Amino acid sequence: MDFYGFYTGKIFDAYQFLGAHLTDSGAAFRTFAPGASRIALIGEFNGWQETEMYKIHDGHFWECCVPDAAAGMMYKYRIYGKDGHCVDHCDPYGFGMELRPNAASILRDMASYQFQDKKWMHTRSDCKNKPLNIFEIHMGSFRKPSGQADDWYTYEEMADILIPYLKENGYNYVEVMPLNEYPCDESWGYQSTGFYSPTSRYGTADQLKSFIDCCHQNQIGILMDFVPVHFALDSYALSHYDGTALYEYPHNAVGVSEWGSCNFMHSRGEVRSFLQSAANYWLTEYHIDGLRMDAISRAIYWQGDPGRGVNMNAVDFLKNMNEGLKTLHPTAILAAEDSTSYPGVTKNVSDGGLGFDYKWDMGWMNDTLDYFRTDPQYRSRDYHKLTFSMMYYYDDQFLLPLSHDEVVHGKATILQKMNGDYDQKFPQARALYLYMYAHPGKKLNFMGNEIGHFREWDEKREQDWGLLDYPAHQRFHQFMKDLNHLYLKHPALYEKDFETEGFQWLDCHQEEACVYAFERKGTQERIAAVFHFSDQEQKDYKLSIPDAEKLELLLSSNDARYGGSEADEKASLLADKKGTFSLQLAPFTAKYYKICGKPSLPL
């Protein structure tokens, strides 16, 4: 290992030296613990009796070799502090862990699985000019083998369940909530104890690799949530690992997060090397296609509060990590969950940015959902909540999220958020999603949203699939399938997401009517998107597209197949001599039209 690079926070391969590694004659164990006075290795291979570890290099690293150690065996480090007190710790760089509440690390053979996804890895991209339609999932509650909270399908079993569902529903990427090991089910993986250990809830490292391999062979990419800001405070993990604040801040004022977890001290090179090596580990060893990095606002600003100023050490860490990851994995996707207005989140590091590919557009999400919560009689007042996003849109490269965070903790599900009674919610939700998928930016939708889930998400229960026995939910689900597949097939909806010429307002001053219209452009295709969010019918809405001769309907949220009132919608509309089209818009209706231009005059 490059020890100087480790101390200065420059390396991305610390896991290849630290941790437990199988050898021809057993296994070598190494850990970094500068504050320890003594360390012993205990495990299945020595009857949980102490095997002495010895200082190597500069005395801050400890090592021992065990001839009888084999893959699948459990182990811990017994670390003695300067005061003689000892704590049994899991391996910070361990490749496997026991299921909670147990906490031993597990030896894994990281070379035993052979991927068969060479074609996918060779052709994948960051999707800047391609469709990116992400299905966010909590693996343990998508489906369950039984009604028990602690009963989960394995990674391999989920491949057989999830992949056909993704293909049928028109999602080309799946984002999995954190897969690293964690002790508390309710944290969903965001408070980790094993940054290099796939959670044992769903199986082994090889089983996870098999799941990812199957997804790739079915042209589905995998994104994983990664948490570089904080970690679980459990005493057997990183907290006071060597008897000192090795990974965390020594002072609670900045050392304890709003979730009660420990904040990483990004000013330490050892911590930077630990985290960016973990990020590289998932991309390299598991062929993960990208990382959605959680709580980036808490890294940019001290405790996430702009009033406390920018944490320049953490910002420098993000820049170095992202630049290094993109050098190692140019086609991997790096997305920031960041609710701040900090500039340049998706700009290249060389241009002064943080180096992410995408930033979650939390402003768009909040404004849009607030608008649809509002009674229609007040939407004219809030009309420009839906135009504001395009005022800042080109400042960064955005991804539009309707994520798990919006359907828990008393916030209500997406369908519940729609104003009005049960029957009024469905047409508004259909119109909302047509607006989302026409708006520039990549897409993310959390599981259950696509079937009109009415119960807030609970990690202990599977999704309410029985809803599909009800016609309203069946029709909504069919609408979402059709919308997703249409998005994947029409380049105008994604090809120029981040180019100003890819979007143009056609009408954004119908405050009283609550009508909006804009055009999306690809290299060889133009689509007009028209939205009517009032509860009053618009019998003769005039849409002007001077260089258009005809509009061909692609999709209407008011189609009778989806529960709407239009059973015989006209397939095309002709413009008058001035390029104006007359549209009849039912309440809460949205439509996509292909724009057909006027024929060129002969030379």
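Two strands pair if DSSP finds at least two bridges between them. Strands themselves are DSSP runs (E, at least two residues), helices are runs of H or I with at least four residues, and both are numbered from the N terminus. The model looked at here is predicted, so to speak of a local feature takes a pLDDT of at least 70 and side-chain atom pairs count only at pLDDT 80 or more, while totals for chains, interfaces and linings use all residues. Residues are numbered from 1 along each chain as its sequence is written, and side-chain values use heavy atoms, with hydrogens and water left out.

A handy place to start is strand β7 and its partners. Strand β9 (residues 105-106) is antiparallel to β7, and 2 bridges join them. Strand β3 (residues 38-43) also runs antiparallel to β7, this time with 6 bridges, and G43 has Y75 of β7 as its bridge partner. Then there is strand β8 (residues 86-89), which pairs with β7 in the antiparallel sense over 4 bridges; here I79 stands opposite V87. β7 and β8 make a hairpin with 5 residues between them, and G84 in the turn has a positive phi of about 90°.

How enclosed is β7 (residues 74-80)? 7 of its 7 residues are buried, so the strand is largely enclosed by the rest of the structure. Buried here means under 20% relative accessible area, exposed means over 50%, and partly exposed is in between (1.4 Å probe, protein chains only). M74, K76, R78 and Y80 point one way from the strand, Y75, Y77 and I79 point the other way, and all are buried.

Next comes a closed barrel of 8 strands, in the order β10-β11-β14-β17-β18-β19-β20-β21, with parallel pairing. Its neighbouring strands are turned by 25° against each other on average, direction ignored. Helix α10 (residues 362-373) lies across β19 (358-360) and β20, at about 40° to β20.

The other sheet is an open one of 6 strands, ordered β22-β23-β24-β29-β26-β27, with antiparallel pairing. Its edge strands are β22 (503-510) and β27 (572-574), each of which pairs on one side only. Neighbouring strands in this sheet are turned by 20° against each other on average, direction ignored. Strand β26 (residues 548-556) and strand β29 (residues 589-597) run antiparallel and are joined by 7 bridges, with L553 facing its bridge partner Y593 in β29. Helix α13 packs on the sheet and touches β23 (515-521), β24 (526-532), β26 and β29; its direction makes about 40° with that of β29.

What about the nonpolar cores? A nonpolar core is a set of buried Ala, Val, Leu, Ile, Met, Phe, Trp, Tyr and Cys residues joined through side-chain atoms within 4.5 Å. The largest one has 172 residues, and F29, F211, Y247, Y433, F531 and Y592 touch the most other members. Helix α13 (residues 422-438) gives this core its largest share, 10 residues. Leaving aside neighbours within four places in sequence, Y247 is in contact (heavy atoms within 4.5 Å) with residues including P92, Y93, F231 and F274. A second, separate core has 16 residues, among them A513, A528, V530 and I595.

Finally, the rings. The structure holds 70 aromatic pairs. Rings of Phe, Tyr and Trp (its six-membered ring) pair if their centres lie within 6.5 Å; planes under 30 degrees apart count as stacked, over 60 as edge-to-face and the rest as tilted. Y371 and F372 have ring centres 5.6 Å apart and planes at 75°, so this pair is edge-to-face. Y371 counts as buried at 0% relative accessibility, and F372 counts as buried at 0% too. F503 and W505 are also edge-to-face, because their planes stand at 85°, with centres 5.2 Å apart. F503 is buried at 10% relative accessible area, whereas W505 is partly exposed at 24%.

Notes. Axes are lines fitted to C-alpha atoms, for helices over the stretch in contact, and angles run from 0 to 180 degrees between N-to-C directions.
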